[in-house]
Amino acid sequence: MTEHYTQPAGVLYLAATPIGDVGDASARFIAVFEQADIIAAEDTRRAKALAGRLDISLKGKVVALHDHNEGEKADALLDRVEAGQRVILVSDAGMPTVSDPGYRLVKRAVERSIPVSALPGPSAPVTALAVSGLPSDRFAFEGFLPRKEGEALRYLEGVAAMPHTLIFFESPKRLHDTLDRMCRVLGGQRQAVVCRELTKTYEDIWRGTLEELAERANGEVLGEITIVVQGATHGGNAADYVDAVLSLAHEGVRLKDAAGQVAQATGLRKNELFKAALERLGNES
């Protein structure tokens, strides 16, 4: 280790860990990981395994910091920082606080005027965006959708009109259902990319419309999943959004009100959506 990578003590470090390929760990990350007095890890076993793959010996104590204990452990960890120790926070993969533990710890550190520094590195949302081929000048990371059908549909309704690229995480077991819901609310012809196992040996990137991707995901899918979806273009055909209207109606929203919500999200005419929905219902009866 060179002196160049010796980092100041008395600082809380947020360290981005590899999302797949261990070779993506920076020299600075390795140095601070090795120098740390305390390693707060989402999963202590994974943190120790990462140290083994990097061929380094951890000198500090490895403690668990996850969603269930973060609130109660935050101040004790920050006390150690104030005492002049190096405390490093790592999640299982990527940057802490981004759909991972750490937000409450950082918020408390800010409240206590304790220095916080980041060791930049791998990030699944930004990596997926970069390889997607979709517009990257404006984007929003939305994380995981709610698990319940109604809540997920309402969430998608809330982002349907956004013109910027949308990025989501998803479990492989729920991928098909999520893509199907996106088809119904965002429109099946919207372009999207499914990134599976980014930076790993079996990295796999699917490109196509939401409808095509939903069909492809109708079977066993394995690995870590990131979905990148094209932003709204405020155009298209009312028929493309009938499923979105009927999904809201199925959740108890009056058909006219459902048509109004989808119209607001897509820029289409409410009357056209309502008429298309009635026509679909008539054909199904």
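**Exercise 1.** Characterise the second largest pocket of this predicted model: what is its volume, and which residues line it?

*Solution.* The volume of the second largest pocket is about 190 Å³. Its lining consists of Asp 180, Cys 183, Arg 184, Gly 188, Gln 189, Glu 211, Ala 214, Ala 239, Asp 240, Asp 243 and Arg 280. Two elements, α7 (175-186) and α8 (210-216), each give two or more residues to this lining; the largest share, three residues, comes from α7. Sorted by class, the lining holds three nonpolar, two polar and six charged residues. Finally, domain 2 (125-229) and domain 3 (238-284) each supply at least three lining residues.

**Exercise 2.** Determine how helices α9 and α11 pack and which residues meet.

*Solution.* Helix α9 spans residues 242-250 and helix α11 residues 270-284; their axes lie 9 Å apart at an angle of about 75°. Because angles of 65 to 115 degrees count as roughly perpendicular, α9 is roughly perpendicular to α11. From α9, Val 242, Asp 243, Val 245 and Leu 246 meet Leu 273, Ala 276, Ala 277, Arg 280 and Leu 281 of α11. The contact comprises seven nonpolar, no polar and two charged residues. Asp 243 and Arg 280 take part in this contact and also line the second largest pocket.

**Exercise 3.** Describe the largest pocket by its volume and the origin of its lining.

*Solution.* The volume of the largest pocket is about 1000 Å³. Of its 41 lining residues, Arg 46, Asp 92, Ala 93, Asp 100 and Glu 224 lie nearest the centre. Elements giving two or more residues are α2 (44-53), α5 (124-132), β7 (165-170) and β10 (225-229), with α2 providing the largest share, five residues. The lining has 20 nonpolar, nine polar and twelve charged residues.

Note on methods: Residues are numbered from 1 along each chain as its sequence is written. This is a predicted model: local features need pLDDT of at least 70, side-chain atom pairs count only at pLDDT 80 or more; totals for chains, interfaces and linings use all residues. Side-chain values use heavy atoms; hydrogens and water are left out. Axes are lines fitted to C-alpha atoms, for helices over the stretch in contact, and angles run from 0 to 180 degrees between N-to-C directions. Helices (H or I, at least four residues) and strands (E, at least two) are DSSP runs, numbered from the N terminus. Angles under 35 degrees count as roughly parallel, over 145 as roughly antiparallel, 65 to 115 as roughly perpendicular and the rest as oblique. Contact means heavy atoms within 4.5 Å. Ala, Val, Leu, Ile, Met, Phe, Trp, Tyr, Cys and Pro count as nonpolar, Asp, Glu, Lys and Arg as charged, and the others, Gly among them, as polar. On a 1 Å grid over the protein atoms alone, a cavity is a set of points where a 1.4 Å probe fits but cannot get out, and a pocket is an open set with protein on both sides within 12 Å along at least five of seven lines; lining residues have an atom within 4 Å of a point. Grid points are joined across faces, edges and corners, and a volume is the space filled by probe spheres set on the points. Domain bounds come from an automatic or database domain assignment.
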